[in-house]
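Subject: Structure for you to look at

Hello,

Here is the structure I promised to pass on. Please open it first, then read the notes below with it in view.

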Amino acid sequence: MNFPSEPFKIKVVEPIRRTTGHERDRLLRDAGYNLFQVPADSVSIDLLTDSGTSAMSDRQWAGMMLGDESYAGSKNYYHLEETVRSIFGYKHVIPTHQGRMAENLLFSTIIEPGMCVPNNIHFDTTRANVEHQHAEALDLVIKEAYDPHCDFPFKGNMDLDRLEATIHRVGRKRIPLVMITITNNSGGGQPVSMENIRQTRALLNRYRIPLFFDACRFAENCFFIKEREPGYANIPMLTIARELFSHGDGCTMSAKKDGLVNIGGFLSLNDDLWAQEITNMLILVEGFSTYGGLAGRDLEAMARGLEEVLEEDYLRFRIGQVRYLGELLDQSGVPILKPIGGHAVYLNAKDFLPHIPQSEFPGQALAVALYRDYGIRGVEIGTLMFGKKDQTTGETLHPELEMVRLAIPRRVYTNMQITYVAESIIELYRKRELIHGLALTYEAPILRHFTARFIELHEPSLLHPMTA
Ligand SMILES: *Cc1c(COP(=O)(O)O)cnc(C)c1O
């Protein structure tokens with residue numbers, strides 16, 4: 001079946017507070033048209049992120065009650081260690097409270113100033129953690145990744161020619177490791193093929209450079225391999241995951257994604273010396289090596305989440321639900337980024353709102369309209385997030401892609417709620433010429449999207465207030 005129904009029943013529910021269009025209009029004005037400043041209980045369907053927003057299973061909640069809160073040697077740590085080893089296959093398992101701490105520990109240990117870390121595309125925190133060590137974070141994804149209309153099945157693949165050219169240019173001694181992000185979050189949640197991983201490994205073997213994975217959405221990537229890559233259709237998910245990680249030397253992980261938990265992460269690797277140094281630093285900044293800044297119950301929920309995330313029924317539903325939203329939109333002519341990624345659907349705001357120039361933040365204007373009219377919260381990934389001022393001319397440089405990301409939390413919304421999202425966006429698309437641009441009134445010097453404030457360039461028309 002193309003769009004499988006939910007492979008779970010709902011046992012606990014969280015009511016959604018109903019808001020009116022007038023209330024949301026007022027909240028938007030108060031928030032300076034910044035959706036990060038809107039209280040979450042005023043959002044009907046929250047698609048801001050898939051990070052830490054998963055619903056845990058009854059089995060995970062039961063595991064929370066089995067939390068062993070011993071300072072050292074908690075049994076939940078041993079369960080996590082065993083689970084991570086059985087999937088990822090690396091020797092050392094170092095828990096952290098989230099993914100960025102795993103990155104920070106890894107890079108602060110192995111990078112020296114002036115080094116360079118290639119990746120398909122660095123996620124923001126990964127890039128920031130590399131640059132924080134005065135090293136260069138290079139994105140070497142294949143060029144198809146930057147074409148929103150190209151439907152190549154593995155748009156997260158590493159460009160091997162550019163990788164080899166980079167090794168020649170900077171020298172292998174200045175590359176402590178190469179990373180591959182699966183799926184490629186910043187490139188639209190696009191997968192990397194096993195073939196590409198195998199070839200990257202072979203290339204790096206010639207130069208004796210380690211390969212690490214940014215494994216946040218590894219299960220989703222493995223499902224795409226099963227679906228799309230010849231030879232994998234009948235291979236169990238766990239076998240695919242093991243093969244994938246066997247090509248690497250370690251990984252960083254935010255369990256807030258494919259760990260199916262609300263908080264947690266880890267670093268796993270084979271190198272004894274690196275592991276020792278990282279563990280020493282972990283004890284300084286996070287906690288002892290058998291809890292790493294988490295409670296025992298969190299470790300247990302994470303171990304159980306990692307087991308559940310590879311269940312094929314779950315993944316078929318998960319990837320199917322995201323695809324369902326994307327296809328409903330696509331069939332109605334709403335411009336989206338293709339192919340549809342693993343964790344989110346991206347609206348192409350340039351094509352959605354061709355009458356709004358990039359200097360007037362079409363992505364943000366679209367996200368604002370979607371919230372005001374329908375109570376749905378997405379996130380702008382465009383001029384607001386990535387626009388840069390040219391240091392010499394003072395002119396704003398606009399990014400190539402102008403998007404609104406609709407990230408789908410795992411096991412949280414039903415297909416009926418997803419249908420509501422699709423119908424709302426289709427209706428908004430039909431009246432798109434009523435949407436106006438925005439002008440910035442405040443921006444912080446870094447990461448401006450979290451706190452920026454705007455005004456609307458024309459008196460806002462309340463397009464379609466939701467009836468109370
Ligand atoms: C979320 C994410 C991270 C960072 O993880 P946190 O748990 O948010 O610190 C790193 N890489 C990728 C690809 C991510 O999606």
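A residue is called buried when its relative accessible area is under 20%, exposed when that area is over 50%, and partly exposed in between. H79 has a relative accessibility of 18%, so H79 counts as buried. Please keep in mind throughout that this is a predicted model.

H79 and its surroundings

H79 belongs to helix α3, which covers residues 75-88. Leaving out residues up to four places away in sequence, H79 touches E300, A303, R304 and E307.

Aromatic rings

How many aromatic pairs does the structure hold? There are 14 aromatic pairs. One of them is formed by Y77 and Y78: the ring centres are 5.7 Å apart and the planes meet at 65 degrees, so this pair is edge-to-face. The cut-off behind that label is an angle over 60 degrees between the planes. Y77 is buried, because its relative accessibility is 6%. Y78 has a relative accessibility of 42% and therefore counts as partly exposed.

A single aromatic cluster is formed by F88, Y90, F213, F218, F245 and F266.

Charges also sit over rings. K257 is placed over the face of F123, 5.4 Å from the ring centre. R411 has its charged end over the ring of Y314, at 5.9 Å from the centre.

Which residues make the nonpolar surface patch of about 400 Å²? They are F36, I446, L447 and F450. I446 is found in the loop that runs between β15 (438-442) and β16 (453-456). With a relative accessibility of 68%, I446 counts as exposed.

Q190 is in the loop between β5 (178-181) and α7 (194-207). Is Q190 buried or exposed? Its relative accessible area is 1%, so Q190 is buried. Apart from neighbours within four places in sequence, Q190 is in contact with K155, G156, T183, N184, P339, I340 and G341.

Two residues in that list, T183 and P339, take part in the cis peptide bonds described next. The bond from I182 to T183 is cis, with omega near -20 degrees. T183 is placed in the loop between β5 and α7. K338 and P339 are also joined by a cis peptide bond, and here omega is about -5 degrees. P339 lies in the loop between α12 (312-331) and β9 (344-348).

Why note these bonds, and the phi angles below? Most peptide bonds are trans, and most residues other than glycine have a negative phi.

Positive phi angles

R208 is not a glycine, yet it has a positive phi of about 50 degrees. R208 is in the loop between α7 and β6 (211-214). Its relative accessibility of 61% means that R208 counts as exposed.

L260 is not a glycine either, and its phi is positive at about 55 degrees. L260 sits in the loop between β7 (250-254) and β8 (265-269). L260 is buried, because its relative accessible area is 0%.

Regards

Key:
Residues are numbered from 1 along each chain as its sequence is written. This is a predicted model: local features need pLDDT of at least 70, side-chain atom pairs count only at pLDDT 80 or more; totals for chains, interfaces and linings use all residues. Side-chain values use heavy atoms; hydrogens and water are left out. Rings of Phe, Tyr and Trp (its six-membered ring) pair if their centres lie within 6.5 Å; planes under 30 degrees apart count as stacked, over 60 as edge-to-face and the rest as tilted. Buried means under 20% relative accessible area, exposed over 50%, partly exposed in between (1.4 Å probe, protein chains only). A charge sits over a ring if NZ of Lys or CZ of Arg is within 6 Å of the ring centre and within 35 degrees of the ring normal. Patches are made of residues with over 30% relative accessible area and no salt bridge: like charges are joined within 9 Å, nonpolar side chains (Val, Leu, Ile, Met, Phe, Trp, Tyr) within 5 Å. Accessible areas come from the Shrake-Rupley method with a 1.4 Å probe; for residues, only the protein chains shown count as cover. A salt bridge is a side-chain nitrogen of Lys or Arg within 4 Å of a carboxyl oxygen of Asp or Glu. Helices (H or I, at least four residues) and strands (E, at least two) are DSSP runs, numbered from the N terminus. Contact means heavy atoms within 4.5 Å.
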